[in-house]
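Here are some notes for reading the structure shown next, written as numbered points. Please keep the structure open beside them and look up each residue as it is named.

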Amino acid sequence: MNVIIIEDEKPSARRLQRMLNAIDVHVEIMLHSVEEALHWFQKNTHPELIFLDIQLSDGLSFEIFDAVEIKSAVIFTTAYDEYALQAFKLNSVDYLLKPIDEDDLKTAVDKFKNRAPQTQVVTLDFNDIKNLLVNPIEREYKKRFSVKVGQHLKLINIEDIECIYSENKGTYAYTKEGRNYLLDSTLDQLENELEPHIFFRISRKFYVNINAINDMVSYTNSRLQIKLNTFKNQDIIVARERVRDFKNWLE
């Protein structure tokens, strides 16, 4: 299978390449910018499958396909929340949320392999996708959680939560009062329910509330350590592949 990766963060591209190698999908070409991709597409046979990051260092990857007629199936790799990504579903495109999970990657590749040959090349309306990403449909996000405390139910307002994290197969909300509450939802299930301007998923284990961040410190391997106002239970580390998106979110 002829596969390429278009991703401007070289460590992320190499990580994805290793993950694909582990499931017997071998990537020989990795491109890192709109300009580099345009040059490559103009001189080479288009691959069967592209793993495509949306935001590249020199612009949106959609610009590639404004100039070149796409002849490949696409799996997007992106940090956009799942609600915004309804556009990709409408265009019959697979997508992987960063940081990419090994099982999700295998599922997406298997889905591509199992498609009938005549459906492998997808007709994409990139304008529809761009419009939805720039002007997402307004929606209601979760304003509170109801949690069980003994024999009682307690309401936890979303603005009172410093972080939400997973531990020992449970999902917990930690409040500014210093209390932990067990939630019924998993972190993945909360992807569509938390206000993206307030909460950011810094790793597979943590969401943090921007209003609870007290300090940010450089950490090993180009990562960041987050210090919240009251949460001291454990270190909160931004995954390396999420650092750039986290910094953009802060602004």
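**Notes on the model**

1. The face of helix H5 that is turned away from its buried side carries the exposed residues Asp103 and Thr107, where buried means under 20% relative accessible area, exposed means over 50%, and partly exposed lies in between, with a 1.4 Å probe and protein chains only. This is a predicted model, in which local features need pLDDT of at least 70 and side-chain atom pairs count only at pLDDT 80 or more, while totals for chains, interfaces and linings use all residues. Residues are numbered from 1 along each chain as its sequence is written, and side-chain values use heavy atoms, with hydrogens and water left out.

2. H5 covers residues 102-113, and the helices (H or I, at least four residues) and strands (E, at least two) named in this note are DSSP runs, numbered from the N terminus. From its first C-alpha to its last, this helix of twelve residues reaches 17 Å, close to the 16 Å expected at 1.5 Å a residue; the expected span is 1.5 Å times one less than the number of residues. The buried residues of H5 are Leu105, Ala108, Val109 and Phe112. Seen down the axis of H5, these buried residues fall within an arc of 95 degrees, so they line one face of the helix; the arc is that of the directions from the helix axis to the C-beta atoms.

3. Helix H2 (residues 34-43) can be read in a similar way. Its residues Val34, Ala37, Trp40 and Phe41 are buried. They cover an arc of only 130 degrees around the axis, which puts them on the same side of H2. On the other side of H2, Glu35, Gln42 and Lys43 are exposed.

4. Six bridges join S10 to strand S11 (residues 170-175), and the two run antiparallel; two strands pair if DSSP finds at least two bridges between them. Within this pairing, Ser166 stands opposite Thr171 in S11. S10 also pairs with strand S14 (residues 206-209) in the antiparallel sense, over three bridges, and there Ile164 stands opposite Tyr207.

5. The backbone at some turns and loops deserves a careful look. Most residues other than glycine have a negative phi, and most peptide bonds are trans. S10 and S11 form a hairpin with two residues between them, and Asn168 in the turn has a positive phi of about 50 degrees. In the loop between strand S15 (213-219) and strand S16 (223-228) lies Asn221, which has a positive phi of about 60 degrees although it is not a glycine. Ser222 lies in the loop between S15 and S16 as well, and has a positive phi of about 65 degrees, although it is not a glycine either. Asn221 counts as exposed at 53% relative accessibility, and Ser222 counts as exposed at 59%.

6. How many cavities of 30 Å³ or more does a search of the whole structure find? It finds one, where a cavity is a set of points on a 1 Å grid over the protein atoms alone at which a 1.4 Å probe fits but cannot get out, and a pocket is an open set with protein on both sides within 12 Å along at least five of seven lines. About 90 Å³ of space lies in the largest cavity, a volume being the space filled by probe spheres set on the points, which are joined across faces, edges and corners. Its lining residues, those with an atom within 4 Å of a point, include Glu7, Arg15, Pro99 and Glu241. Helix H1 (residues 10-22) gives the most to this lining, with three residues.

7. Pro99, one of the residues lining the largest cavity, lies in the loop between strand S7 (94-97) and H5. At 7% relative accessibility, Pro99 counts as buried. The C-alpha atoms of Pro99 and Arg242 are separated by 6.7 Å, although these residues are 143 residues apart along the chain.

8. The second largest pocket has a volume of about 170 Å³. Strand S8 (144-149) and strand S12 (180-183) are the elements that give two or more residues to its lining, and S8 gives the most, with four residues.
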